[in-house]
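Have the sequence and the 3D view open side by side as you read. We will take this one step at a time.

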Amino acid sequence: MIELRDLHKAFGSQIVLNGLNLRIPAGQTTAVIGPSGEGKSVLLKHMIGLLTPDQGDVLVDGSSILGLRRSQLNQVREKFAMVFQNAALFDSMTVYENMAFPLEEKTSLSRDEINARVDTALREVGLKEINRKFPDELSGGMKKRVGLARALLLEPQIVLFDEPTTGLDPVIRRSIHQLIKETQAKFGFTAVIVSHDIPDIFDVAHQVAMLYRGEILQFGTPDEIQHSNHPVVRQFISGSLDGPINSGAA
Amino acid sequence: MTGLVQAIGRQGLSFTLELGRMGNFLLHACYSMVRQPGRLLHILKQIRFIGAKSLFVIVLTAGFTGMVLGLQGYYTLAKFGSEGMLGTAVALSLIRELGPVLSALMVTGRAGSAIAAEIGIMRISEQIDALETMALDPYKYLITPKFIAAMISMPLLCAIFDVVGIYGGWLVGVKLLGVNPGAYFTEMYRSVEWKDVWSGMVKSYSFGIIIAWVGCYKGYYAGHGAEGVSKATTESVVLTSVLILVWDYFLTSILL
């Protein structure tokens, strides 16, 4: 389980997180939604220790990850995998090398075993015969699939998704969501998805957290969020131009 | 007036912070080199990139540097009737000073900028974050192979620069201006000591560290977007060049 306690983060004079509290339940999918630029990716990076808060605490399985030495932090990170917004594939490596790299570095598998694992992982995300291609030769959807396959290779306990479907067409977007839902159900990992995809994300997540102005405005099941009476949540879900998000009220 | 003092203070603090971060980066890189120097294949790839691929530009600049030294040296020495010392003048200038400095500046322009750009692009496209989330140390995979490769490549490139430069001076001095070929090399053998060669090698070795250090640092902390990478690349070349010249002065005063 991941717990964020009274998290504050500012970049210069811009306050991004302002006393945020959030508990991510283990073995379930939690979606973090909210307007662009509200710090959703920043929130995700705090969970895995890529950013450190100005104030507050980040707990993974009950232990704080702040102030850990690099080796200790790496032990915590062994539990995690992250799927980045633009897949973050190593652009000087082929798809195969991208996939094999974490296995070569972190396991003692033989070449044949690595090949088999890579092939299986790519097949599970619906890709084949792209081993020799470089990331630049792939479409956005294919990159995201490779990123997802790479993330799942080491069988993590927690997977963080940073806007996994941004910039994709509706069909691919839905297929990626379906893929996340199926793999989460199959492997049982804890998933945290940062997303704008309303209403698709309600089909994928078990819980939804609405982030607004550096705080969690509302946390609940997709049904609770969809029927929320909070004006900010209602406006965000409906996509209306009129409301507190534009006016700066709330 | 208060505003001016505040601005100076802010700049001073920012400079001190940057200096501390750079020092910390170097220490971390040195620690990584000892503890986990990276895979041999990664290091060999970097030696090929920093060293082998710089050969052409090194040979070209060395040849012309030696030739111009031959011309200028002959002109000056002829005034004193000491044309026979041309080999010594060319060799000592190259081995002690111009070889290490010019080869380092050439590698800075060719490889130092590329190192900053490569790591900068990896930073802004979250590839470095991806390494960290896999619990893999970016220093081991990105930084230390470049440090080791620069430390191996620079003295070798400097040696090649020296040799090509000496023959460039020979071409102009002996073949073009008619200096006695025997005198050119004999005087050189007599005057150049191992200490001169050694000091040149020490310089180029330390310049290799500076090139890798600044290039990697600027890329690692590159700002956002294409502008951030472009700024990091430019700053890397400028800072490396300045540091090489400043460090050269101090090192020369120590090694003399």
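## Reading the model

This is a predicted model, in which local features need pLDDT of at least 70, side-chain atom pairs count only at pLDDT 80 or more, and totals for chains, interfaces and linings use all residues. Residues are numbered from 1 along each chain as its sequence is written, while chains are lettered from A and ligands numbered from 1 in the order in which they are written.

The predictor's confidence in each residue is called pLDDT and goes from 0 to 100. Chain A averages 87, and 98% of its residues score at least 70. Within chain A, confidence is highest in strand β8(A), at 93, and lowest in helix α10 (residues 244–247), at a mean of 69. Where pLDDT is low, the predicted coordinates should not be read in detail.

## A covered strand

Helices (H or I, at least four residues) and strands (E, at least two) are DSSP runs, numbered from the N terminus. Find strand β8 of chain A at residues 190–194: five of its five residues are buried. Buried means that 20 or more other C-beta atoms, placed from the backbone, lie within 10 Å of a residue's own; with 12 or fewer it is exposed, and in between partly exposed.

Which way do the residues point? A:Thr190, A:Val192 and A:Val194 point one way from β8(A), and A:Ala191 and A:Ile193 the other way. In a regular strand the side chains alternate between the two faces of the sheet.

## Its partners

Two strands pair if DSSP finds at least two bridges between them. Strand β3 (residues 29–33) of chain A runs parallel to β8(A), joined by four bridges, and A:Thr30 stands opposite A:Val192. Strand β7 (residues 158–162) of chain A also pairs with β8(A) in the parallel sense, over five bridges; here A:Asp162 stands opposite A:Val194.

From β7(A), the chain passes through helix α6 (residues 170–187) to β8(A) in a right-handed β-α-β crossover. Right-handed means that, with the strands pointing away from the viewer, the path from the first strand over the helix to the second runs clockwise.

## Two domains and a second chain

An automatic or database domain assignment sets the bounds: in chain A, domain 1 is 2–79 + 157–247 and domain 2 is 90–155. Nine residues of domain 1 and eight of domain 2 make the contact, counted where C-beta atoms, placed from the backbone, lie within 7 Å. Helix α6(A) gives the largest share of the domain 1 side, five residues.

Between chains, the contact takes ten residues from chain B and 14 residues from chain A.

Technical notes. Contact = placed C-beta atoms within 7 Å.
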